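Please give a brisk report on this protein model.

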Amino acid sequence: MTEDIAAGNLIWQTENFLDGIFYWPWSDLILCLQSCHSFIAFSDSSGLLQKLVCALLAKIAQNSNASFVTPSSSSSSSSPDNASGSSRVSTKSWWFDDMSLLPVQIIEKVVQGMGSYGSSNNSLILTKFLLHYLKTAAQNTVGYGSGRPRGEYGGLADTAVHGVVMVGKSMFSCRGLFWVLRVVSGFGLSRDSRNGLERMIGGMLDQAKLDDLLISGHHKCTYDVNLVIRLIRVFVNSDGAYSVHKLKKVGNLVDKYLGEISPDQNLKISKFLGVAESLPDCARDCFDGVYRAIDIYLESHPNISMEERSRLCRCLNHEKLSLETCKALAKNPRVPPRTAVEALKCQARGGGCSGEEEALTTATGEEDDRSSSGYYSECQRVLSSSSFESEGCSSSTGQDNNQEMKLNLQRMQWRVVELEKVCREMKSNMSTLVRQSPITSPPTYHRALPRLC
């Protein structure tokens, strides 16, 4: 095949043919690169692959002014040869779909040829292409991404994430960053790349929506709770945590997330508490949302022990529960009695996120203060008695006496109903006394508290 045998032999013809590679149509370059996959090692060592990659990059560079034309699934219609200057309005470049047909080894050669592989990537257009390519590979519907080990795409995933981090928040919204995380998370992303992406998302967590956080989990869990815990910690340690408004937005978001993940049968109590307790107390004006999530969890996990129920309820701030929620909590048979008593005690002391204290401020303020003090002392006395008996209830459960436990819970609910009735009557009497003429001594109530034992 050499010139020693005959002039114009096969080697000469081949070299002459390859010298015109830069003038090949776009579709021919794509087809040749696809063909190289079957003998990738030889095409690389012979220099053929390098020539094809250089011709491909030259073709893209020559048509850089037509980078945003409407793409097509076929090579012929999306090639630069058929691009018209009047259709440059697409949000992705014309070559994205065609190059998504190439195997991962070829794409790595292209990225390396651009000098943008790994941490060297600072190109927005290349970053967008890599995300498009990885999304196509993840779908396993076209090209050589189908059926290939996802670990082979790790280098491209790291390159894409580094490009995202480089361009920063100016080009990607919080929702866009969550989309990036979903795309690259299954491709063997390195720890440094994952940490960099999570730092970006965590710093913008106040802009996230509930569906952003609902990322599929690994193993048996429905959602990736560990990821959300890490993102919340990043936010708490970032500058955003110094804004009370942003903190409360994240607090509301986390409460909604807790309610969404609570029915998961594989969700451990430690994970639930990890999410609930990851925010400072000032992030919530009201803990009603946390209680609702706890109630859903208890309903979905009926077999957990009383000790585990008490552990779960420890994340509640009873002073920030509304009166209606405290009533529901006290009547809830799934909640440990001690927790119900503590919540009612806080309400009796005047707690509550909705201002249910109803402090009466009139011209007879001092008289009213003494009346309120008497009212709260009566409530405290009744609650103290309930607390004492609830301890007996807890001890009986330790002996696995289910029937006794049910009876104690029924007694506890009856006490709460009676207490609410007494409180309403006392408040009504206090309001009547305030509207009357000033009183020189504290009012005396002739109706005794009902016996609650």
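Helix H14 spans residues 244-261, and Lys249 lies in it. In this predicted model, Lys249 has 40% relative accessibility, so Lys249 counts as partly exposed. Lys249 also belongs to a positive surface patch.

Now the cysteines. How many disulfides does the structure hold? The count is zero. A disulfide is a covalent bond between the sulfur atoms of two cysteines. To count here, the two sulfur atoms must be within 2.5 Å. Take Cys313 as a case. The closest cysteine sulfur to that of Cys313 is in Cys315, 7.2 Å away, so the gap is too far for a bond. Cys313 is also buried, because its relative accessibility is 4%. Cys174 is buried too, with a relative accessible area of 2%.

Next comes a loop residue. Where is Pro25 found? Pro25 sits in the loop that links helix H1 (10-19) and helix H2 (26-35). Its relative accessibility is 34%, so Pro25 counts as partly exposed. Along the chain, Pro25 and Leu56 are 31 residues apart.

The table gathers the accessibility values.

| Residue | Relative accessibility | Class |
|---|---|---|
| Lys249 | 40% | partly exposed |
| Pro25 | 34% | partly exposed |
| Cys313 | 4% | buried |
| Cys174 | 2% | buried |

Why do Cys313 and Cys174 fall in the buried class? Buried means under 20% relative accessible area. Cys313 has 4%, and Cys174 has 2%.

Key: Residues are numbered from 1 along each chain as its sequence is written. This is a predicted model: local features need pLDDT of at least 70, side-chain atom pairs count only at pLDDT 80 or more; totals for chains, interfaces and linings use all residues. Side-chain values use heavy atoms; hydrogens and water are left out. Patches are made of residues with over 30% relative accessible area and no salt bridge: like charges are joined within 9 Å, nonpolar side chains (Val, Leu, Ile, Met, Phe, Trp, Tyr) within 5 Å. Accessible areas come from the Shrake-Rupley method with a 1.4 Å probe; for residues, only the protein chains shown count as cover. A salt bridge is a side-chain nitrogen of Lys or Arg within 4 Å of a carboxyl oxygen of Asp or Glu. Lys and Arg count as positive and Asp and Glu as negative; His and the chain ends are not counted. The place of a charge is taken as NZ of Lys, CZ of Arg, CG of Asp or CD of Glu. Helices (H or I, at least four residues) and strands (E, at least two) are DSSP runs, numbered from the N terminus. Buried means under 20% relative accessible area, exposed over 50%, partly exposed in between (1.4 Å probe, protein chains only).
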